[in-house]
Amino acid sequence: MISPTPQPANAPSPNTIRVEYDDTTVRRFMFASVLFGVVGMLVGLLAATQLAWWQANFNLPYLTFSRIRPLHTNAVIFAFVGNMMFAGVYYSTQRLLKTRMASDALSSIHFWGWQLIIVAAAVSLPLGFSTGKEYAELEWPIDIAIALIWVVFAINFFWTLAKRNEQQLYVAIWFYIATIITVAVLHIVNSLALPLSPLKSYSAFSGVQDALVQWWYGHNAVAFFLTTPILGIMYYFLPKAVGRPVYSYRLSVVHFWSLVFMYIWAGPHHLLYTSLPDWAQSLGMLFSLMLWAPSWGGMLNGLLTLRGAWNKVREEPVLKFFAAGVTFYGMATFEGPLLSIKSVSALAHYTDWIVGHAHGGALGWNGLMAAGMFYWLTPRLFGTKLHSKSAADAHFWVATIGIILYLVSMWIAGINQGLMLKALNPDGSLQYPSFVETLLAIRPMYILRAVGGLLYLGGFLLMAWNLIMTARSGKAVNGVADVLRRADAEPSATAFDVVKGRPIWFSVLTIAAMVAFGMASSTVMAVVMIAVLAVIGEGAYLLSRRDKAAGKPSWFTLVEGRPLAFAVLTLLAVLAGGVAELLPTILVKQAVPETGAAQKPYTALELQGRDIYVREGCYTCHSQMVRPLIGDTQRYGEVSRAEEFIYDHPFQWGSKRTGPDLHRAGGRYPNLWHYSHMVDPRAVSPGSNMPSFEYLASMRLDTAIAPRKLAAMQKLGVPYTNADLEHALETQKAQAEVLTADLKTQGIELAWDTDLTAIIAYLQRLGRDTGVPLTAPPPPTAVVPPPAPAPDPAAPVAPAVPADPAAPPAPAQPVGGAP
């Protein structure tokens with residue numbers, strides 16, 4: 001609501017207007033964040049408990065670790081942090097632009113639409129409706145809803161920018177613009193899929209391409225959903241809380257542009273030592289290391305804003321949370337580049353060290369910043385004082401202790417497991433051939449992790465109580481401010497002035513010189529290119545000094561007052577990395593060279609089993625990627641090759657091993673072993689923390705949909721023939737009957753059309769061209785054995801020892817690689 005301020009006769013300015021901010025939307029998002037934060041952390045605590053005590057699955061398919069883990073991650077990222085982000089954006093944007101949000105209706109649609117999406121996720125994920133792609137598990141109807149609601153948010157935000165009463169855009173607004181633009185690009189590209197049914201689809205990409213697109217999205221979802229908007233919140237709320245301006249405007253400029261440009265390149269560091277081309281892995285590692293500088297620039301800018309006010313940190317719980325949150329941001333952004341170094345990744349990847357790193361950012365950076373913002377906002381949104389400062393202080397210390405216990409336990413578990421998995425005996429054999437040995441060794445750390453999570457949840461519940469009591473002691477109020485109407489005069493610079501600005505053509509010259517440097521065929525040419533780059537840099541510095549001495553506004557000051565130009569330049573900075581990494585791998589066949597026989601398409605039954613594998617979330621605990629490392633090749637078999645995944649929609653390489661790798665599991669064990677392992681994992685693998693999937697034996701397979709699945713894959717480029725589609729039902733049944741007939745000979749009755757039959761068929765196919773045969777093999781020729789001596793009735797009978805699922809296959813030989 002905006003209305004002219006009543007002016008006395010001697011009023012100096014007739015352009016003053018009174019603005020009443022829309023804080024109702026802020027309150028809604030804030031309390032939704034608190035509610036879903038509790039839910040997400042409860043689910044996370046249940047999942048952590050299940051790793052230490054598998055019985056906590058309660059033998060219910062909807063509560064298995066593999067189904068609730070995606071629920072936990074989506075709830076924390078999109079429900080807790082997402083709602084917190086929107087609350088901070090709506091509150092700060094209105095005050096920074098000195099105007100109410102452009103449309104109350106769009107704000108309401110945004111809020112209620114986002115909550116409906118969260119509820120849809122909370123229902124669909126435990127039911128098994130999943131795309132099988134981390135942080136992007138939601139199926140295509142929900143993906144479309146996310147895109148539409150995000151567009152509503154973007155329209156409302158940019159509309160508000162257009163009607164602002166403040167010409168220049170403060171640093172927080174820069175980060176909000178980058179978030180809105182980049183998340184839209186990431187979500188749309190990664191969600192491209194071919195629908196099969198209302199709740200089932202197949203990724204448009206496959207294998208290596210799908211892996212690269214997924215982790216381009218997955219890494220940058222962390223960057224532009226969990227980092228850049230929270231940095232914007234930091235740049236607004238931290239100076240407000242401490243009563244001091246941000247430490248360095250110039251540092252914030254460098255921080256912003258270097259971060260949005262570099263972050264988008266770093267996704268491949270999640271795929272080191274995989275089948276991703278080496279050039280993409282090296283590029284991801286290089287940009288990850290360079291991210292150290294801008295990330296720590298932002299951290300230092302935040303902490304140095306507190307310079308001279310550290311006495312307030314001792315007294316004010318809000319500042320304690322902000323200071324600790326920014327510190328955890330610095331720790332996480334140091335650890336991330338460290339983990340992207342190949343030698344470190346060889347130890348840490350697929351272990352709990354990665355889990356600890358992720359939670360250091362989520363609990364330390366996002367969680368503590370959220371708490372500080374909520375404690376600062378609630379008294380102002382309800383016109384009262386915080387109910388209990390002592391409770392807020394207690395929350396801080398309990399949460400901090402909980403985070404430390406969590407991180408330390410995961411560091412110990414991850415490093416310990418990584419060292420055990422690569423440990424060799426003097427003769428070169430594996431010192432710990434069974435994967436379960438590593439699980440038993442780190443089980444105490446899983447218990448400590450659950451304790452840390454419980455403490456953090458306890459502190460969060462204390463905060464929820466404190467905020468509710470604060471709200472009850474006051475009443476909802478909207479902020480009101482008298483502001484000067486922005487002049488309607490023409491802007492001081494045109495779009496052409498922005499395009500021809502020196503930073504633009506200096507950047508073009510620099511990129512051209514770098515390309516020439518990369519193509520230089522001699523040392524002399526390389527030295528010349530380095531000299532050219534030095535001259536360009538020195539010229540930029542001297543010209544900027546001249547403009548400053550002449551009192552001219554900087555180029556960035558011009559851009560800062562033109563939101564459209566700012567948004568376009570941000571989009572270009574973001575797209576540069578995405579286009580450079582994705583397009584060669586997706587469009588150029590030579591970017592993913594073949595070094596062996598290509599994958600053969602799955603049979604109808606195997607494809608059905610693969611969909612069940614995705615539905616049950618098996619990728620959350622098992623990888624399908626044998627890396628060129630001695631520990632992997634001796635334990636699992638031959639190194640995985642890129643061409644072995646060309647028909648995998650989606651890829652299933654995984655990111656965490658709570659169980660052994662499965663890419664070479666096909667044919668390693670008989671059907672009976674797989675049946676026993678799914679029904680009672682500890683019967684064949686003592687010490688395993690895998691839940692029982694016995695319920696799959698009673699779930700009937702949708703056999704009639706098999707031809708439609710093959711037809712969908714055919715549209716995606718899998719070379720199924722029309723005959724394959726016509727005979728899909730027959731081949732599906734024939735292969736299933738061969739499998740169940742084999743089980744029957746060993747005393748196991750299993751219907752051919754069960755989910756368990758299909759997933760066993762899929763597991764038997766992994767890593768080889770053929771799995772369970774379509775026809776039963778002929779009976780062996782009868783051979784009359786020679787008479788055996790009568791057994792000694794007094795001799796003890798050795799019990800049968802089931803095979804260990806994590807033991808290395810006998811025929812597998814190491815294929816080289818790093819020790």
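These are my notebook entries on a predicted model of a protein.

**Ground rules.** I count residues from 1 along each chain as its sequence is written. Local features need pLDDT of at least 70 and side-chain atom pairs 80 or more, while totals for chains, interfaces and linings use all residues, and side-chain values use heavy atoms, without hydrogens and water.

**Confidence.** I looked up pLDDT (the predictor's confidence in each residue, from 0 to 100). The protein's mean is 88, and 84% of its residues reach 70 or more. Over residues 793-819 the value stays under 50. Where pLDDT is low, the predicted coordinates should not be read in detail.

**Helix H16.** I took helices as DSSP runs (H or I, at least four residues), numbered from the N terminus. H16 covers residues 435-473, and its end C-alpha atoms are 56 Å apart. That agrees with the 57 Å that its 39 residues should span at 1.5 Å a residue (the expected span is 1.5 Å times one less than the number of residues).

**Helix H12.** I found 19 of the 23 residues of H12 buried (under 20% relative accessible area, with a 1.4 Å probe and protein chains only). From first C-alpha to last, H12 reaches 32 Å, close to the expected 33 Å.

**Gly-617.** I found Gly-617 in the loop between helices H22 and H23. Its relative accessible area is 2%, so Gly-617 is buried. Phe-65 is 552 residues away in sequence, yet 8.4 Å away in space, C-alpha to C-alpha.

**Asn-190.** I placed Asn-190 in helix H5 (residues 171-190). Asn-190 is buried too, at 3%.

Conventions. Contact means heavy atoms within 4.5 Å. Helices (H or I, at least four residues) and strands (E, at least two) are DSSP runs, numbered from the N terminus. Buried means under 20% relative accessible area, exposed over 50%, partly exposed in between (1.4 Å probe, protein chains only).
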